[in-house]
Every structure is written in structure tokens, then in C-alpha cells.
Amino acid sequence: MPASGQCLPARHAPRRRRTARPGHLRGPAARRRGTVDWAAFHAPHHARNTDLPTYAFRRTRLWLENAAGGTGDADGLGQQATGHPLLTAATELPDTQGAVLTGRLSLSSHPWLGDHAVHGTVLLPGTAFVEMALRAAAQTNCDTVGELTLHAPLTLPEQGSVAVQVAVDAERDGRRELTVWSRRTGTPRPRGPATPPAS
């Protein structure tokens, strides 16, 4: 302590922390030229060999895959597959004993429709309307189509598709009325009453 009676802080060098290195563990065994009995070392811990995974980030895809052609599984959607090239699914209406048949038309899935073009615009031919009406009649146990009126042409776009719906009403005096509806896929539903292409 100095004569003035003031205390001075003591200076000391900080101790360097020693970290064990692998060489420190191997040193005694290496100097003695011995071998480590790993089985005896792991025996108290009941250790065992475990195979490493072949790939740590193995993926499992959980998304549903679309069926070829975009038709999907009609039975899985609560509908009935028809096997028809234009109307691929049908749903029976329990209250009226009628039915609704649906399909999707495009130039990619039905390239032969491209042969029926007027001034560069592809139109669904009248025979296709008759074919859809006959299939809807057979779905509801009708023998034939008595009359079919075309109200407006059904155009097919160069890209995309058109959703088609054929609705068959209840039987009246031994006859049923059907209506063909269409809408281009990917477009919002029109507001207000729509005009069917055929009935």
C-alpha cells in the first residue's frame, strides 16, 4: 500500500481457459500403444449401431394429381361416369327423377370439332347437340328426342374450354324437357337469366 493510504487495484493476467482437444484423449492410449475396446466402453450404455438415412430430406408429395384430359374421377365427386365423349358425368335428381349431365369441350380434347368453323370461329355442330340430347334421354329412360331447338350458337375458343350442362326436367304427360347450358371455363357466372344454346 502506498504511503498516501490509497488502494491501488491489483493487476492480474486473466487465465486462459483450456479446452480439451481430441489429441488429449488419444494421447495416453497412443503413448502406451494400446487399442480402445469400444464394445466394453459402450456396454454400460447399451449402445448399438444405427444406419444413417440415405437422404435426410426425402419428400412425399401430398397434392392430388389431375387425371389425363382433365375429366377427373366422376364417382369420387358423387357423380356417375357415363363413358360418353361429350358428356362425361351424370347426376340423378331424386325429387324430379330427372338428371344433369356435364362435360367439358375444347379443341385440345376434341380436335375434330375444329373442322366445323365459320369465318374462323369454331362452332359446335348441330349433330353434337343431337348427340348430347340423345345421351340425356337415355339417362332418363326416354326412347328418343322429339324436338330440339337451337337458340344460339355455341362457340369454342382457341385456348381453354367450355363447360356444358344438360338438365332434364321431370316427366309430364310422358315427355321430358331438356335444356343445354354452356359457359366458358375460367370466367365468372353471368348475372341475371341466361339464354341456353338449345332446348
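**Exercise 1.** Which residue in β8 is the bridge partner of Val-162?

*Solution.* The model is predicted: local features need pLDDT of at least 70, side-chain atom pairs count only at pLDDT 80 or more, and totals for chains, interfaces and linings use all residues. Residues are numbered from 1 along each chain as its sequence is written, and side-chain values use heavy atoms, without hydrogens and water.

Step 1. Strands are DSSP runs of E with at least two residues, and helices are runs of H or I with at least four, numbered from the N terminus. Two strands pair if DSSP finds at least two bridges between them.

Step 2. β7 and β8 run antiparallel and are joined by seven bridges. Within β8, Arg-184 is the partner of Val-162.

**Exercise 2.** State the strand order of the open sheet and identify its edges.

*Solution.* Step 1. The five strands follow the order β1-β2-β3-β7-β8, with antiparallel pairing.

Step 2. β1 (80-81) and β8 each have a single partner strand, so one side of each is left without a neighbour in the sheet.

**Exercise 3.** Describe the aromatic pairing.

*Solution.* Step 1. Rings of Phe, Tyr and Trp (its six-membered ring) pair if their centres lie within 6.5 Å; planes under 30 degrees apart count as stacked, over 60 as edge-to-face and the rest as tilted. By this rule there is one aromatic pair.

Step 2. The ring centres of Trp-38 and Phe-41 are 5.8 Å apart and their planes stand at 90°, so the pair is edge-to-face.

Step 3. Both residues lie in helix α2 (residues 38-42), three residues apart, about one turn of the helix.
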